[in-house]
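Take a look at the fold below. Start with the whole chain, then follow the strands.

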Amino acid sequence: MSDESNNQSVPSSSPRIGDTRPAPQIGDTRPSQTSHPVPGTSSQGQGNRRRRGGRGRGGQGNQPRNPAPARTFDAPVEASAPDASSDSSANRNRPKRRRGNERRTRAQGRYLMCVHTTKEATHIATLEGRSMVEYTVAKAADETNQIDGNIYVGRIQNVLPGMELAFVDIGIPKNAVLYRGDISFDAEDVEGPTHNDKRIEEMIRAGQVVVCQVTKNAIGAKGARLTQEVSIPGRFAVLVPNSSTIGISKRLPDGERRRLRKIIDDVKPDRHGIIIRTAAEGVSAEDLARDVASLAEKWAAIEAEVAKSNQPRLVYRDLDLAVRVLREELNDDYRGVLIDDRDLYEKVLEYVLAVNPELADRIEYYDRSSEELPLFERYFVHEQLHRALDRKVFLPSGGSLIIERTEALTVIDVNTGKNVGTTNLEETVFRNNLEAAEEVARQLRLRDIGGIIVIDFIDMETKGNREAVASALRQALSRDKTRTQVFDISELGLVEMTRKRVNEGLLESVSSVCAVCDGRGFVVATGL
């Protein structure tokens, strides 16, 4: 990941998104910005010169409380972690109270996660070194937009054969969309030989009740996307109910894949398929079986809830976004997770103690009342967030990027700016484009830009230089967990690529459309 691209400070009058208390002006009392670590190197000690909130004060800030008793399923079923109190291994790995004369060794890792809560939303910033690489906003009690992963009982409203989709009422104001390729059906219920020959009106009909899961939140005027291929993720495995699916993560080494393949036959439940996740590397057969059994019990509770009523409604709610992010991401690469809300901290700690107790000491409570600065001010999140909303991004050598978003696609223009080089034009342009490739990958991930993306690199005469820039872009994008596809540089110096659109994007999540100009950013002269 490239260095922080803009060294200009943000004006002190700029708003601080997600902050509910006044804070000192940026740039007045904090130390000057230093250069950032080279990607892949250790980030030990950066941004951590002071003891973080709650730790080092007698050990009280990070002392885990007793886990809540096992939850009973109710309507709707809530996703929950396994009960830590029933797992003897979790109790053995529970963090111990640190005495005053004991020295605490800070965990190593390239990532730090800062979680800030307000009345309206939970803001999650992921830092690599001191540079922010991801920013996620989860709105509180949002039953219509933040529904990714939830399972519903839905009723087919109408089927559109010409579009090969159906609109489904799932109990929220806007109907969701079910495409033909996401429909699951029993072959005995329809006529014809194969699935591929079936038209959508032969698979489903208006008024039919279906069980479906949200795979993509509603974005703009588009409704949420559904699938009937329901899956329930756990820590080490994903349960695929009523399926014969068997899969193992491709990120695991071949030897580990062979070991897990031998275990699958013993832990796979009847009538259900399972997919082994990357987090299962090195996990024993007993731990994997326990995780799969917990998922099977959860699905049994969902089936019981579905049987109660055929009205469109929510029957299963996935974990809170903050906990879900940790379920997907937390590993040895994270040196810490700082949370400034006590209730959320206890919920996250309970989950980590149950599923990954060896990392529980990295979950820390950041006490707002005892710290000099708010969490996001302490780690310069606000400053980087405001820069992430600008259309212009500065490169370390003096070049710049201009990012323009349109309805159809996003265009990124690369400029040399103040970068005049030292040898010749081709070398200057090549080095500038390499810097731009790294920064483009970072900005796409940070701003959560999806869809079609066109990058206008500066023209290079040498074919080897063009291939090197395209390779650098692909390498930088490989760290992005969102699926991307990159094509070679065209004769016009353009790179066409796509990035899967999962959420609405950073700009939309922290802003609203201007009611005066309707988001165009122009003031039209009156009296014409």
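What follows is a short walk from the whole chain to its sheets. This is a predicted model: local features need pLDDT of at least 70, side-chain atom pairs count only at pLDDT 80 or more, and totals for chains, interfaces and linings use all residues. Residues are numbered from 1 along each chain as its sequence is written, and side-chain values use heavy atoms, with hydrogens and water left out.

The protein chain has 11 helices and 22 strands. Both are DSSP runs numbered from the N terminus: helices are H or I with at least four residues, strands are E with at least two. Of the 528 residues, 48% are buried (under 20% relative accessible area, 1.4 Å probe, protein chains only).

Now find strand β13 (residues 273-276). Strand β11 (residues 237-240) pairs with β13 in the antiparallel sense, over four bridges. Two strands pair if DSSP finds at least two bridges between them. A237 has I276 as its bridge partner in β13. Strand β12 (residues 246-248) runs parallel to β13, joined by three bridges. Here G247 stands opposite I275.

Move on to an open sheet of six strands. Its order is β17-β18-β19-β20-β22-β21, with mixed pairing. β17 (392-394) and β21 (484-486) stand at the edges; each has a single partner strand, so one side of each is left without a neighbour in the sheet. The partner of β17 is reached by three antiparallel bridges to strand β18 (residues 400-405). One of these pairs K392 with I402 in β18.

Conventions: Buried means under 20% relative accessible area, exposed over 50%, partly exposed in between (1.4 Å probe, protein chains only).
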